[in-house]
Protein chains: 2
Amino acid sequence: MSSGNFKHDLFSQFARVGKALSNANRLELLEFLAQGERSVEELSKVSGLTVANTSQHLQQLRQAGLVVTRKQGHHVYYRLTGDDVILLLDALRKVAEKHVAEVERLVDSYLTVKDDLEPVPAQELLERVRQGLVTVIDVRPPEEYAAGHLPGAVNIPLAELEAHLEKMDPRREVVAYCRGPHCVLAFDAVERLRARGLKARRLEDGYPEWKVMGLPTESGVT
Amino acid sequence: MSSGNFKHDLFSQFARVGKALSNANRLELLEFLAQGERSVEELSKVSGLTVANTSQHLQQLRQAGLVVTRKQGHHVYYRLTGDDVILLLDALRKVAEKHVAEVERLVDSYLTVKDDLEPVPAQELLERVRQGLVTVIDVRPPEEYAAGHLPGAVNIPLAELEAHLEKMDPRREVVAYCRGPHCVLAFDAVERLRARGLKARRLEDGYPEWKVMGLPTESGVT
DNA sequence: CTAGTATTCAAGACATTAATTGAATATAAG
DNA sequence: CTTATATTCAATTAATGTCTTGAATACTAG
């Protein structure tokens, strides 16, 4: 009887974490935070929520133990509590992808040529990079790139892609990546590159997943 | 931006899975299902929920893609959709446990600081118990108490403490103990007892330490 | 100290969720 | 066909969650 209570209390704790994951806006915030530390203002801008609303969601995430804060000057910076949170988000994504037919439908409808996009697994990319066979491009904004990126990756934010196209060797394969497996930036980049006749694919995962897998990374500007 | 809607829709799908994990009862059902296929009736019994309520929770789990059903005779059998669901539950548990531990640590350090609750050393308590000077209460759950406790200790789980307050002699000192030197239960008990004007302190150690010191113990129900 | 900015808090409107109850459906056995 | 049983559906109530608005708090620069 009291063990029933204990058990129920335990599941209630787990449920608190589940609750934190039960809202699309919070999941989006978590994805941004998977890139690194962010202030409330930045998160508010990038998510399109009001600052107050963003703050409240962040506090829920903090109460669930998913994020921690650091105060500096005017700003409060949030970051994920640890890598286990990234693993959790990944597990969630995997289950959702596999079982929610709706997700597939959405991805399909967005990507006109889904089959052609066959993503490159992380291990395979690492191999090919070591052999110098591919050019890896990071299509995230420069700040995120500077905070950490794949070794040898060139930072080409989506907006600047067109400008780089002419300089690229059409015979050399390009692999693009961004924030996560579903980050649209990389999809977009691949489509545009292909439209110009380049051999382009996208990395199966994003930068956070790559890092969590223990694969090598670099940081700073090249 | 055209990717804005797509992105939000995608996160909404992920949130559906998160929602399924946001309730203690559903998590308990999932844990049972992790052991294998179960009928609604079995799940209802083991979770203590009404059949209708169980059925509704199961349907939410099914809509989130976490479980699937099979019909046979009178019964509908539910089972997890796949091993990735188990991985997800594991990831959730890990994050939650870490956070819970963190909370416990914080609470402990907070309580230890304001510890003018001068704890009673084991030897001193043994002495005073022999002289019949104090009432010793064990605030752990009954199962743990039954497995072994201090001689003469009365089992009063924290939840039942209030009910016992009136029966206690305010002039007699009470010493509380639980699982270990940092187990919060005893701190809590002492605080509550003092709030009622009783003379209360806590044992410096918990039951495991007492036992390891080679001091006498009892087991079973009193 | 004062002004300006970043974040949090508090209160209210509105939507969603959980549990209860009683009825409806479906299956198998007599 | 009728009956008993397992499950689901539907309607209600109480509780909880989300977002908005405007004010309060904390920090820095001047």
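Sort the residues near DNA strand D by class, and you get 15 polar, six nonpolar and three charged ones. Keep in mind that this is a predicted model. Of those 24 residues around DNA strand D, the ones that come nearest are A:His57 and A:His74 from one chain, with B:Glu41, B:Ser55 and B:Gln59 from the other.

What part of the DNA does the protein meet? Sugar or phosphate accounts for 80% of the atoms of DNA strand D within 4 Å of the protein, and bases make up the rest. For a base, look at B:Gln56: an N or O atom of its side chain is 3.2 Å from a base nitrogen of DNA strand D. As for the elements giving two or more residues to this surface, chain A supplies α2 (24–33) and α4 (51–63), while chain B supplies α3 (40–47), α4 (51–63) and β3 (75–80).

Now take a closer look at α3(B). Its buried residues are B:Val40, B:Leu43, B:Ser44 and B:Ser47. Why do these four end up on the same side of α3(B)? They do so because they cover an arc of only 100° around the axis. The general rule behind such spacing is that an α-helix has 3.6 residues a turn, so residues three or four places apart point the same way. Among the elements covering the buried residues of α3(B) are α2 (24–33), β1 (38–39), α4 and β3 of chain B. Just after α3(B) comes B:Gly48, with a positive phi of about 80°.

Key:
Residues are numbered from 1 along each chain as its sequence is written. Chains are lettered from A and ligands numbered from 1 in the order in which they are written. This is a predicted model: local features need pLDDT of at least 70, side-chain atom pairs count only at pLDDT 80 or more; totals for chains, interfaces and linings use all residues. Side-chain values use heavy atoms; hydrogens and water are left out. A residue is near a molecule or strand if one of its heavy atoms lies within 4 Å of it. A polar contact is a pair of N or O atoms within 3.5 Å; within protein, one must be able to donate a hydrogen and the other to accept it, and residues adjacent in sequence count only if both atoms are side-chain atoms. Ala, Val, Leu, Ile, Met, Phe, Trp, Tyr, Cys and Pro count as nonpolar, Asp, Glu, Lys and Arg as charged, and the others, Gly among them, as polar. Buried means under 20% relative accessible area, exposed over 50%, partly exposed in between (1.4 Å probe, protein chains only). The arc is that of the directions from the helix axis to the C-beta atoms. Contact means heavy atoms within 4.5 Å.
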